Amino acid sequence: MSARKTVVGLRMAVGTFTVWPVRVDRVDRVVAGRAMCWAPVLGALLGAVIGSVAAVGMWLGWSAPLAALLAVGSGALLTRGLHLDGLADLADGLGSGRPAEGALEVMRRSDIGPFGVLTLLVTVGAQTLALAQLAQISAGAVLVGAVLAGTAGRTAATLACVRGVPSARPEGLGAFVAGTVSTPMASLCLLGVMTLSLLGATHSPAFAMACALGVVAGLLMAGALSWHAVRRLGGITGDVLGALVETSATTVLLVLAAADA
């Protein structure tokens, strides 16, 4: 039964976090917990696609910014822009300055306000320029950087779903996955992304060190945002999880670009 729940969790993760339509026979909080534990794996695969698009673009003779922009765009396409939408909604909610109930109401709206627009511009711009800088270093550097960013981003969302972290609403994705990840599974996901940073050694030892630092910085930034969101909203929501993904991934890319190893 446990193995079946794991497989169903994978199917749920694919259907929830990617554009691919997947039929899920069973949906409950146990399966949701498994899905959140699969999220970092999906992040690694999506990151591999993003890095490959950037690397192939450079090989085709495109400029680094153009190749990186199309790579970031492909990532948004493969996830239906889910995480970027969550980031914009959280920025609008927190930026409104309203109490928790009012901020959550702002986040429910389908439109995007000025805080959301500005946050999206800065985030997508930072990701594009950082990825372009890595693409200029080497194909291996941009591929490893994108894989790590994707993995660390989803790991941040997984860690936000550990037991003890409440949901801000009684309904929605946040309520469904909040508190579904056990401490051992969260630790395993954390160990996995830190181990993955060793891939940087394929470029250079210094780049491997930068990868490890980038992952730590990305998870710390996401952790700080998660703490602030829980304090302001009373818990997590699906939008909060999306914002954590983008925050952690962007931080990883910025640290690697700054290393310029």
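What follows is a dialogue on reading a predicted model of one protein chain.

Biologist: What should I keep in mind about the source before reading any feature?

Modeller: This is a predicted model, in which local features need pLDDT of at least 70 and side-chain atom pairs count only at pLDDT 80 or more, while totals for chains, interfaces and linings use all residues. Residues are numbered from 1 along each chain as its sequence is written, and side-chain values use heavy atoms, with hydrogens and water left out.

Biologist: How many helices and strands does the secondary structure of the protein chain come to?

Modeller: Helices (H or I, at least four residues) and strands (E, at least two) are DSSP runs, numbered from the N terminus. Here the protein chain has 11 helices and 0 strands. Its radius of gyration, taken over C-alpha atoms, is 18 Å, close to the 18 Å that the globule rule (2.2 Å times the number of residues to the power 0.38) gives for 261 residues, so the chain is as compact as a globular protein of that length.

Biologist: Which residues is His83 in contact with, leaving aside its neighbours within four places in sequence?

Modeller: Contact means heavy atoms within 4.5 Å, and for His83, which lies in helix α4 (residues 82–95), the partners are Phe17, Arg154, Gly242, Ala243, Val245 and Glu246.

Biologist: Is His83 buried or exposed?

Modeller: Buried means under 20% relative accessible area, exposed over 50%, and partly exposed in between (1.4 Å probe, protein chains only). With a relative accessible area of 4%, His83 is buried, and of the 261 residues of the protein chain, 51% count as buried.

Biologist: How far does helix α10 reach from its first C-alpha to its last?

Modeller: The expected span of a helix is 1.5 Å times one less than its number of residues. Helix α10 (residues 205–233), with 29 residues, reaches 42 Å, close to the 42 Å expected, and just after α10, Gly234 takes a positive phi of about 95°.
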